[in-house]
Amino acid sequence: MTKYKFSRNDSVQFIKYMGSKTKILPFVIDGIEDIYEGGIICDLFSGSCSLSGALATQAQIISNDIQSYSAVIAKAYLTDWNDETITSKIIIDIAEKYHYEHYSSLIKKYQYPENLNLVSFNKIEKLNQDLINQSFSSKWHLFTKYYSGTWWSAEQCTWIDSLRKAIEDFKDNPAYNTMLGSLMYAMAYNSQGTGHYAQYRDAKTISSMNDILIYRRKNIKDYFTRKFDDALEKLPLKANILNHEVLTLDYLDCLRNLKKATIYADPPYCFVHYSRFYHAIETLVLYDYPILQHKNSTIVKGRYRDDRHQSPFSIRSKVKGAFSEMFKLISDNQSSLVLSYSDTGMIAFEELLTLANTIFLNHTITYKSLDHLHMTMGRKDDRDRNVKEKLIIVKPN
Ligand SMILES: C[S@@+](CC[C@H](N)C(=O)[O-])C[C@H]1O[C@@H](n2cnc3c(N)ncnc32)[C@H](O)[C@@H]1O
């Protein structure tokens, strides 16, 4: 049988994502081509949806991830289209009107003037952070209240809220998810952190203060406009006809509902939970004023959602069981699997391979390796850790 051939399409990128497969997509797609015989491809842990985006016009996709922000990005790639009724200017005009009415006087008190010293800078930061104790009467104030003085300044938060409100006015527009994705992009590139939302930086020296100030002075509206204009131009002018589906299920529930398919599984590799690193965009999407996590009756510094998901793939005592259950369900319905993992994961690659061999009795199992500089997003010492990305490829006999 001749090998299936997908073209390697680039998609618009909305977020910086830990463990994103964007850079190694040719390797992943090559693994899928080894076993694909048509039909549905299920991107089981889709994250920033690099695979779903790349194959959007080439196969029927089910994109699944437990996080709601992933569903927004998946829909931006798979189901959004441009009916030409919307432009960035229309959205910005609405946001500016809302901002003027609700925030124009508030932001004057939270500015960062020129020539600050460390002490006065940190006083302003604290003033911004204390907005968490303020009451607001307007409906759209979640970021201003919860996140001022953290990854963003109060002023940037007022623009995140105003744009979020403007976008919600277009809930029925076919480019709605592309709008939200563009706001996620603006948030990522204006944030003073390293691309995720696990911890924001404190200014302990003049040099860190100056670096933080660069981000504090960036403009959310400009970044939103740039990304949305670009993304809108790349959207199709008609709805995609491939019957894609976007789900926010636990991976086991997704597998239980799935018919025979080709499954691409890219579960978390390490002990950090995605829900901690990306809680701010989860909250942007849900916009539900979540209860924040407390420790000793104080809100924790990272202001995480209290209800955030804990993945078994990131808990050493649960990871093997998590893989076993996944393998059993895939084996039972005679699906094919391409599994991404690294040689620095929570379970040794050899152990994973042995586990696959004990569960997939009527399948053929092969594997491939690729040397890859893994993006660990700012964690000290191992920023550009050299890991071997691997694929386990499983095909029913
Ligand atoms: C390595 S990332 C996937 C990266 C993705 N392939 C990409 O290119 O962006 C792992 C993903 O698994 C998701 N996840 C973790 N536990 C899950 C679970 N129990 N069910 C579904 N998704 C889960 C996380 O939210 C995260 O997005």
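Trainee: Among contacts in the chain between residues at least 6 apart in sequence, what percentage join residues at least 24 apart?

Mentor: Good place to start! This is a predicted model, where local features need pLDDT of at least 70, side-chain atom pairs count only at pLDDT 80 or more, and totals for chains, interfaces and linings use all residues. Residues are numbered from 1 along each chain as its sequence is written. Two residues are in contact if their C-beta atoms, placed from the backbone, lie within 7 Å. Of the contacts between residues at least 6 apart in sequence, the share joining residues at least 24 apart is 74%.

Trainee: What is the radius of gyration of the chain?

Mentor: The chain has 15 helices and nine strands; helices (H or I, at least four residues) and strands (E, at least two) are DSSP runs, numbered from the N terminus. The radius of gyration is taken over C-alpha atoms, and the globule rule is 2.2 Å times the number of residues to the power 0.38. For 397 residues that rule gives 21 Å, and the chain comes close to this, so it is as compact as a globular protein of that length, with a radius of gyration of 22 Å.

Trainee: How far apart are the centres of domain 1 and domain 2?

Mentor: Domain bounds come from an automatic or database domain assignment. Domain 1 covers 22-79 + 241-273 + 314-396, and domain 2 covers 88-234. Seven residues of domain 1 are in contact with eight residues of domain 2. Taken over C-alpha atoms, their centres are separated by 33 Å.

Trainee: Why is helix 3 (residues 68-78) described as largely enclosed?

Mentor: A residue is buried if 20 or more other C-beta atoms lie within 10 Å of its own, exposed if 12 or fewer, and partly exposed in between, with C-beta atoms placed from the backbone. The buried residues of helix 3 pack against elements including helix 2 (50-55) and helix 13 (279-286). Helix 3 is largely enclosed by the rest of the structure because its buried residues number 10 of the 11.
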